[in-house]
Amino acid sequence: MLSQIARSARSGLALNTKGPIRLAKHIRPFATVEGNTPRVQPTPSRRRVTPKSHDRATFTIRDGPIFSGKSFGAASNISGEAVFTTSLVGYPESLTDPSYRGQILVFTQPLIGNYGIPSATRDEYGLFRYFESPNLQAAGVVVADVAEQYSHWTAVKSLGEWCAEEGVPAVSGVDTRAIVTYLREQGSSLARITIGEEYDADQDEAFVDPEQINLVRKVSTKAPFHVSSATGDYHVAVIDCGVKENILRSLVSRGASVTAFPYDYPIHKVAHHFDGVFISNGPGDPTHCQDTVYHLRRLMESSQIPVMGICLGHQLLALAAGARTIKLKYGNRAHNIPALDRTTGRCHITSQNHGYAVDSSTLPSEWKEYFVNLNDHSNEGLIHQSRPIFGTQFHPEAKGGPMDSAYLFDMYLENVSRYHKSQAIFQPERENRPSPLLVDLLSKERVGVVPTTGMENLLRMGGAGQETAKAASAA
């Protein structure tokens with residue numbers, strides 16, 4: 001199967017459940033490989049740079065309050081789901097997290113932007129050192145006060161300059177306490193940001209619900225890509241539902257080379273070439289990913305390979321096991337949420353970003369709840385009773401911290417190591433390490449992921465805008 005992947009990549013095709021698709025034209029040219037090739041990446045596609053605006057800005061919650069402030073980002077109008085985060089730091093990591101795709105992020109921290117935005121430098125693995133993806137993922141940004149003047153040794157631009165470059169509108173000077181109070185009482189709501197215009201009630205129909213769109217399809221790679229590790233012999237398949245850079249880093253830094261596949265790739269057909277399968281985080285409603293759920297179910301029926309899922313990956317794992325998921329009233333988005341490990345009785349402070357959760361009461365008998373949220377008592381993890389399969393709703397790899405639960409990656413790699421050794425005994429001829437040719441042929445970053453400025457640009461709304469919204473929902 002790996003040779004088939006290589007042939008497909010060499011001819012400009014990528015394997016897919018629905019037939020071959022063309023690889024993006026920006027994949028780097030082929031090169032000679034000696035050992036592990038550094039992850040040299042092409043320049044990522046970027047949004048159209050829009051002028052930075054200081055005009056009047058309006059933040060409107062559908063069927064709710066209207067807040068007037070000042071724009072400090074792009075001069076564009078968008079709609080999306082309004083959610084809030086109580087994180088005090090880590091706004092560059094949060095805003096580049098693909099799980100925020102289609103959402104307008106409201107910060108409860110009064111002052112945002114005081115340490116600016118760092119450069120897009122890369123580490124020794126070729127991964128972004130300070131960002132979780134190549135582009136700003138949130139549809140819009142809302143803060144009480146923005147720091148136009150920043151101070152930090154890594155900073156190269158202000159938050160406002162970054163938002164303008166990425167085409168993302170941002171609003172300051174609004175009462176974020178009132179916004180969060182409303183969202184806590186009413187739940188996450190549709191909202192929009194309008195720059196330089198008065199609120200018009202006749203435009204209410206312009207709100208677009210990102211929950212009706214398969215957001216994972218928009219952030220997942222369209223063809224396999226590879227990240228090499230020079231420190232180990234393991235090879236892990238990652239199902240990319242919107243994987244964060246630090247998840248990849250947490251694997252390769254522990255000795256596991258990674259080949260990431262599109263979210264709907266039939267992973268059960270190639271799992272025997274790997275030492276483990278990992279399901280990443282991602283945005284939106286997990287029930288949109290029915291193909292992924294089916295492939296995971298087939299994987300667990302046909303293989304004893306170790307599996308780990310994080311956030312959306314955890315929810316997809318639960319759906320594949322036969323459980324159900326629920327939508328939370330306003331979700332959990334913070335860096336300080338306590339989660340209790342039911343196997344040890346220890347509490348961990350965790351980083352979270354999700355609007356859905358697993359209904360632990362629907363878990364089959366061979367599964368048990370692993371972690372539970374001590375704030376709202378929602379499920380935070382599941383683990384199989386006898387097999388090396390588990391998932392967590394929170395992010396043990398959180399780049400902005402805390403790192404209390406990073407040991408879960410060590411636990412996963414221990415499972416991977418045991419499986420690798422057992423396969424070496426029963427299949428001594430098995431070669432799981434990726435060939436240098438395959439490493440060279442595969443892209444070194446997400447393929448075909450196009451950044452967006454939000455679910456819709458409301459400047460185009462009207463008859464044509466409504467048709468665009470329908471097309472986006474069908475995409």
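**Rings, a barrel and a helix**

Guide: In this predicted model, counting ring pairs whose centres lie within 6.5 Å gives eleven aromatic pairs.

Visitor: Why is the pair formed by F59 and F67 called tilted?

Guide: The ring centres of F59 and F67 are 6.4 Å apart, and their planes stand at 35°. A pair counts as stacked under 30 degrees and as edge-to-face over 60, the rest being tilted, so the angle of 35° makes F59 and F67 a tilted pair.

Visitor: How do you know whether F59 is buried or exposed, and what of F67?

Guide: Buried means under 20% relative accessible area. F59 has a relative accessibility of 0% and therefore counts as buried, and F67, at 11%, counts as buried because that value is also under the cut-off.

Visitor: What makes the pair of F278 and F409 stacked?

Guide: Their ring centres lie 6.0 Å apart with planes at 10°, so the pair is stacked, the cut-off for that name being under 30 degrees. The pair links distant parts of the chain, since F278 belongs to strand 17 (residues 276-279) and F409 to helix 9 (residues 407-426), 131 residues apart. F278 is buried, with a relative accessible area of 0%, and F409 is buried with 0%.

Visitor: Which residues form one aromatic cluster?

Guide: That cluster consists of Y370, F371, F390 and F394.

Visitor: In what order do the strands of the closed barrel run?

Guide: The closed barrel has seven strands in the order 3-4-12-9-6-5-13, with mixed pairing, and the twist averages 35° from one strand to the next. Strand 5 (residues 78-85) and strand 6 (residues 103-107) pair in the parallel sense over five bridges, with F84 standing opposite V106 in strand 6.

Visitor: Which strands does helix 4 touch where it packs on the sheet?

Guide: Helix 4 touches strand 3 (56-61), strand 4 (66-71), strand 5, strand 6, strand 9 (140-142) and strand 13 (189-195), and its direction makes about 90° with that of strand 5.

Visitor: How do you know that the buried residues of helix 4 line one face?

Guide: In helix 4 (residues 176-186), the buried residues are T176, I179, V180, Y182 and L183. Seen down the helix axis, they fall within an arc of 160°, so they line one face of helix 4. On the other side of helix 4, R177 and E185 are exposed.

Visitor: What is found at the start of helix 4, and what just after helix 4?

Guide: At the start, a side-chain oxygen of D175 reaches to within 3.1 Å of the backbone nitrogen of R177, while just after helix 4, G187 takes a positive phi of about 95°.

Conventions. Residues numbered from 1 in each chain as written. Predicted model: local features only at pLDDT ≥ 70, side-chain atom pairs only at ≥ 80, totals over all residues. Heavy atoms only, no water. Buried < 20%, exposed > 50% of the residue type's maximum accessible area, 1.4 Å probe, protein only. Helix = DSSP H or I, 4+ residues; strand = E, 2+ residues; numbered from the N terminus. Arc of directions from axis to C-beta. Polar contact = N/O pair within 3.5 Å; in protein donor to acceptor, adjacent residues only side chain to side chain. Pairing = 2+ DSSP bridges. Axes fitted to C-alpha atoms, helices over the stretch in contact; angles between N-to-C directions. Contact = heavy atoms within 4.5 Å.
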